[in-house]
Amino acid sequence: MPVARPESADARIIAHVDMDCFYVQVEQRRQPELRGLPTAVVQYNEWKGGALIAVGYEARNFGVNRHMRGHEAKETCPQINLVQVPVARGKADLSTYRNAGSEVVSILSRKGRCERASIDEVYLDLTDAAKAMLAETPPESLEAVDEEALKSHILGLKNENGSDSKANVREWLCKSDTDHREKLLACGALIVSELRMQVLKETEFTCSAGVAHNKMLAKLASALNKPAQQTVVPFSSVKGLLESLPVKKMKQLGGKLGTSLQNELGVNTVGDLLNFSEDKLQELYGVNTGTWLWNIARGINGEEVQARLLPKSHGSGKSFPGPRALKTADSVKHWLNQLCEELNERLCSDLEQNKRIARTLTLHASAFKSSSSDSFKKFPSKSCPLRYGAVKMQEDAFNLFQAGLREYLGSCIVRTEGTHYNGWRITAISISASKIMPILSGTCSIMKYFHGQDKYVSSSKKDEINFIQDAPLSPSGSENYSELNSIEPQIEFSAEEATIRDSVSGFNQQEVKTNTRKEQNSSCAILNEATDSFTRETSPSLSSGTASCSVLNRSMPPREVHLDDSLDKSMIVNLKQQEQKRNASKDKGKSSILNFFKSRNTPCSPCTQEHDETIQNAKASSSLGGCGAELNQVELPKESFFEESTTNIEQNQQRREAWNYRIEDIDPSVIDELPPEIQNEIRAWVRPNKRPNLVKPGSIITHYFLPSKNR
Ligand code: DCP
């Protein structure tokens, strides 16, 4: 649902930059002989020449559009050049386009806060840059205005008969007797034209932009004049822009809400909304949506530009239209394997380059039942904690599929192996990795914090850094799956192949550049190869919402992350900073949690146990809940099944220490003393954990750590 956010009283200068026929430009850069010629990029599918996913402007002039297939495009424009999207694993490989998008982002982000909104579009908050320009070199002081800026479209600026439009634009940009907000907007226009020229110079790509006082208006404006142009929206032109704008064209009004406005209120343009009071809109659509509608009718939108250069999630998908629909579990498995391989590569690349890990794996599918009255029932999306490594991911993804299929089919018996046909068909399938966060935050941080950097920088040949993170849920038990309500599918399917459109996600900055797949897999696989005995488990009382902190928090094995040398270096810097912070706060609160942790080797509960060595022990530890120990135990890795070197064993010996404490012994008032990353973690411990019980005898731990599995 749209969220109404009040707009700040201070003027903001926001730009939306959108690449022109992006994939075509990328292909034309790769094959310069195509420049200036009608060109389109088609999906990997030979049926009727493949679906067009990007159409160059020269081809558009001949009437070619994105709804056509290759054959139709050829009929419409016989000289068109159709370039097939790169292919890997039998599906489209968009990494070239993602990387090209990253090149652009790295340039655009030089002037202000930058939010990468999709593979080829960004929002920029240029308020500070515009203010600085106004203070230092106001437009009216410029001797010459850049030619590109003079080509700007200023909404509402009328060209008097015969007057030179560039002269008009110059006058508008350099007006000295205008309102402060408009002056800032003029500065924004100058900055954006400069950035666009820089993008062209460094990447050879053209882009279009909208410059306005908020994101909504900037986005609308960027589409008004394409390609290679920019449009500015002064305050005085907002009403004119919105009054004739079809309501369905507005972001978030393309679906049911827009249809309802049309059918129930006769609202066809955004301007028509002005006929309704805020009260009325709230009465009809609820307080929040009502206010949001009232706001957008007036061009009000307080949404902030988020500082985000990296994707929120990664996705990989494929569609199987018509007769190509998947009918057997084996064929689903085959394709899931391909998708997981790709996803794993991208995650590994993200880990290496951006030091981020993803937490949640989600499966989406589209299906139909050939012989059922509810054949249009939606296939439920399923998610589980994400395990790195292609094989583990494949296993989890297939389990998610099975769980989804069970639910989708209801009482029907599901046959998941072999080729038995059960009357279901899968027409599209995708997996995505979300909840991506920097590796330094989250649960791993507390271990680093309390054990110091020396534990993490080994003297061995292969430097190691060990982090602890959440252990995965087993995807095999349906109680461990969560419905994916909060994660928007980030993948769109075009007619044939899955088209990962990367709206908000799916792109990956500087992805897969140097490393081979094998290397990536191996580095990432290690993420899962851990044997520590640390976890946080939720007791039944907590999961049912009781605010008790008396829980036995142990028994789930975390994962170790072994990272390469380059990461070691950045880690060392970070760890040093943490060390400094720690030293700085040493004298702070004698009664603090820090003091408590210092005595970590002293068991504080009769139920404290030495850490468990093996999976079996870890599994058994779940039963410790029965002793009522109410102990939270964090243990360091003792031994790795997979790291056999003497050095590693020695290191693990060193780490053979545990600190124990009772959750209830933590004085919440001292949590604020801790570094932010630790605070988050502790807070998560002392509040009811939503996660259901994780350890089920015979389920995930053994399953996950069996040495024979996936190594
Ligand atoms: N894309 C895709 N599948 C779709 C839509 C788009 O794979 N259904 C890809 C190809 C596009 C790129 O995303 O080049 C960006 O999409 P846009 O909607 O921004 O369209 P273009 O950049 O191609 O053209 P325009 O200049 O109109 O923005």
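The model is predicted. Its average pLDDT is 71 for the protein chain, and 58% of the residues score at least 70. Residues 585-661 have a pLDDT below 50. In the model, that stretch makes 186 contacts beyond near neighbours in sequence. The pLDDT is also below 50 over residues 688-711. Here the count of contacts beyond near neighbours in sequence is 75.

The protein chain contains 24 helices and 20 strands. Of its 711 residues, 55% are buried. Contacts between residues at least 6 apart in sequence were examined for their span. Among them, 74% join residues at least 24 apart. The accessible surface of the chain is about 30,000 Å². Carbon and sulfur atoms account for 51% of that surface.

Strand β8 spans residues 121-125. Five of its five residues are buried, so the strand is largely enclosed by the rest of the structure. Both of its faces are covered. Glu121, Tyr123 and Asp125 are buried on one side, while Val122 and Leu124 are buried on the other.

Two antiparallel partners of β8 can be named. Strand β1, residues 14-19, is joined to β8 by five bridges and runs antiparallel to it. Val17 has Val122 of β8 as its bridge partner. Strand β7, residues 113-118, is likewise antiparallel to β8 and joined to it by five bridges. Ser118 lies opposite Glu121 of β8.

Strand β2, residues 39-42, pairs with β3 in the antiparallel sense through three bridges. Within this sheet, Val41 faces Ala54 of β3 as its opposite residue.

Strand β11, residues 230-232, includes Thr231. The relative accessibility of Thr231 is 0%, so this residue counts as buried. Leaving aside residues up to four places away in sequence, Thr231 touches His153, Leu155, Ala209, Gly210, Val211, Ala221, Leu224 and Asn225.

Helix α11 covers residues 256-265. Leu257, Gly258, Ser260, Leu261 and Leu265 are buried in this helix. Viewed down the axis of α11, the buried residues fall within an arc of 160 degrees, so they line one face of the helix. An α-helix has 3.6 residues a turn, so residues three or four places apart point the same way. The face of α11 turned away from the buried side carries Lys256 and Asn263, which are exposed. Cover for the buried residues of α11 includes α12 (278-285) and α13 (287-297). Gly266 follows α11 and has a positive phi, near 65 degrees.

How values were computed
Residues are numbered from 1 along each chain as its sequence is written. This is a predicted model: local features need pLDDT of at least 70, side-chain atom pairs count only at pLDDT 80 or more; totals for chains, interfaces and linings use all residues. Side-chain values use heavy atoms; hydrogens and water are left out. pLDDT is the predictor's confidence in each residue, from 0 to 100. Contact means heavy atoms within 4.5 Å. Buried means under 20% relative accessible area, exposed over 50%, partly exposed in between (1.4 Å probe, protein chains only). Helices (H or I, at least four residues) and strands (E, at least two) are DSSP runs, numbered from the N terminus. The arc is that of the directions from the helix axis to the C-beta atoms. Accessible areas come from the Shrake-Rupley method with a 1.4 Å probe; for residues, only the protein chains shown count as cover. Two strands pair if DSSP finds at least two bridges between them.
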